[in-house]
Every structure is written in C-alpha cells, then in structure tokens.
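Here are my notes for you, one point at a time. Keep the structure open while you read and look up each residue as it comes.

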Amino acid sequence: MVEPTLLGRKRTLFVMAAAPEYGPHLRARFVPLITGIGPVEAALHTGIALARMEAAGSLPDLVVCLGSAGSRRCALGSVHQVGQVSWRDMDASPLGIEPGIVPYLDEPKDLTLETPLGLPVASLSSGGDVVSGAGWDGIDADMVDMETYAVARAARTFGVPLVGLRGVSDGPGELAGAHDWHKLLGYLDGELAKAVDLLAAHYG
C-alpha cells in the first residue's frame, strides 16, 4: 500500500493516473498512488487506498491529484490549480436533470477544490474520453482530464481535502497519437515539481 508523504506538516496522498506523467523531478519528491487512466480506475483505486488508510487509522490530511491536462484556453506547458471540477460524461437530462448532476446524490455539478497557492486557477472537466479537435466544441471548462472528478468524489467521501494540479500537455487541435501527449510530459514533470515545492512551503 502506498503511504502518505509528509508535505510540510501535512500527511499527503499524491494521486496520479499513469507512469509517463511521473518523471524524475516528481520521483525525487514523493511516491504516488498510480490509479490507471480514466474515471473508473481513478475512483476504484483512490477509494480502496483511502478505505485501507481509514481502517488503519491513518487517513491523510490532504490528497493531491496531479498530472497532465488538455486545454484550448490555457497555454501549453502552463500549470494550474483546479478551482472546480465537473463530470462531463454524466447526462441524465432525459429525466429532467441538468447534465453533470448525478441523480439522487446531494452534490453540485461543480466540485470546489482547495487552491492554496498563487498559481493560476482554472476549471476542469473530467470524463472518459480524450478530447481532440471538434470535441472541444462541447467543453465549457478551461481544461480537461480523465481522473480528477473521480478522485475528488473519493476524497470527499472520506472527508479529506483535495488539491488539483494540472499541466497543459495538449491543446485544441487534433491529437495525432500518443506521442502528441508525451511531447511535453518531461517539461511538465519539472513544472509540477515546482508546484509541489510551493505546496510544501505553504504547509511547512
């Protein structure tokens, strides 16, 4: 089981989706829970990890979900705090429910996250698809990813605050394959590591 990392005074569970986002700069700072890609894997493995920690009496003080994101508004290579996150796949509108709202769950469409740093704040849309090209036309958030909403729901279930940090790896054009996603991951590894250092100083 992955153990929380001491980040300043906070016992922190770092959560990431996939090994390609976890480069040498981040490796020097923490060992994350790597959930796998997509909302189902993120919810499953984050929930299991937090349940095991709760059973052991060792819930973390903080969860930090970080990695890459796509955006048509934010500059490539930029790093942002996630101010709010929504779930773009959830659509019960035939039942008269606003898209993004989970039926019979007392949660808002947009979950608000902790934003303790001076970094830019952006909204994020999580879902099970890779957004590319014309797919951006239906996105109203600043950035997209596949995991943060799921991690946020798991963290909220256990009463643990969440910080989301995302570096923009790809933009509004068509992705030509996985190599388009990978191109900036090395650079973002260093930039996200700087953000983690800011968090350590903030909570020190």
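1. Let's begin with the aromatic rings in this predicted model. Searching the whole structure turns up three aromatic pairs. Take F14 and F30: their ring centres are 3.9 Å apart and their planes sit at 5°, so this pair counts as stacked. The cut-off for stacked is planes under 30 degrees apart.

2. Where do F14 and F30 lie? F14 belongs to strand β2 (residues 10-16), while F30 is in the loop between α1 (24-27) and β3 (33-34), so the pair ties together parts that are 16 residues apart in sequence. F14 is buried, at a relative accessible area of 1%, and F30 is buried too, at 3%. Ring pairs also bring in Y22, giving a cluster of F14, Y22 and F30.

3. Next, have a look at helix α2, which covers residues 39-55.

4. Which residues of α2 are buried? They are P39, A42, T46, G47, A49, L50 and M53. If you look down the axis of α2, these buried residues fall within an arc of 165°, so they line one face of the helix. Over on the other side of α2 you'll find V40, R52 and A55, which are exposed.

5. What do the buried residues of α2 pack against? Their partners are β2, β3, β4 (62-71) and α3 (148-157). So you meet β2 again here, the strand that holds F14. After α2 comes G57, and its phi is positive, near 70°.

6. Now for the cysteines. How many disulfides does a search of the whole structure find? The count is zero. For C65, the nearest cysteine sulfur is that of C74, 16 Å away. A disulfide needs the two sulfur atoms within 2.5 Å, so a gap like that rules this pair out. C65 is buried, with a relative accessible area of 1%. C74 is in no disulfide either, and at 13% relative accessibility it counts as buried.

7. Last stop: S169, in strand β9 (residues 162-170). Is S169 buried or exposed? Its relative accessible area is 4%, so it is buried. The S169 side chain makes a polar contact with the side chain of D170, at 2.8 Å.

Note on methods
Residues numbered from 1 in each chain as written. Predicted model: local features only at pLDDT ≥ 70, side-chain atom pairs only at ≥ 80, totals over all residues. Heavy atoms only, no water. Helix = DSSP H or I, 4+ residues; strand = E, 2+ residues; numbered from the N terminus. Buried < 20%, exposed > 50% of the residue type's maximum accessible area, 1.4 Å probe, protein only. Polar contact = N/O pair within 3.5 Å; in protein donor to acceptor, adjacent residues only side chain to side chain. Phe/Tyr/Trp six-rings, centres within 6.5 Å; stacked < 30°, edge-to-face > 60°. Expected span 1.5 Å × (residues − 1). Arc of directions from axis to C-beta. Contact = heavy atoms within 4.5 Å.
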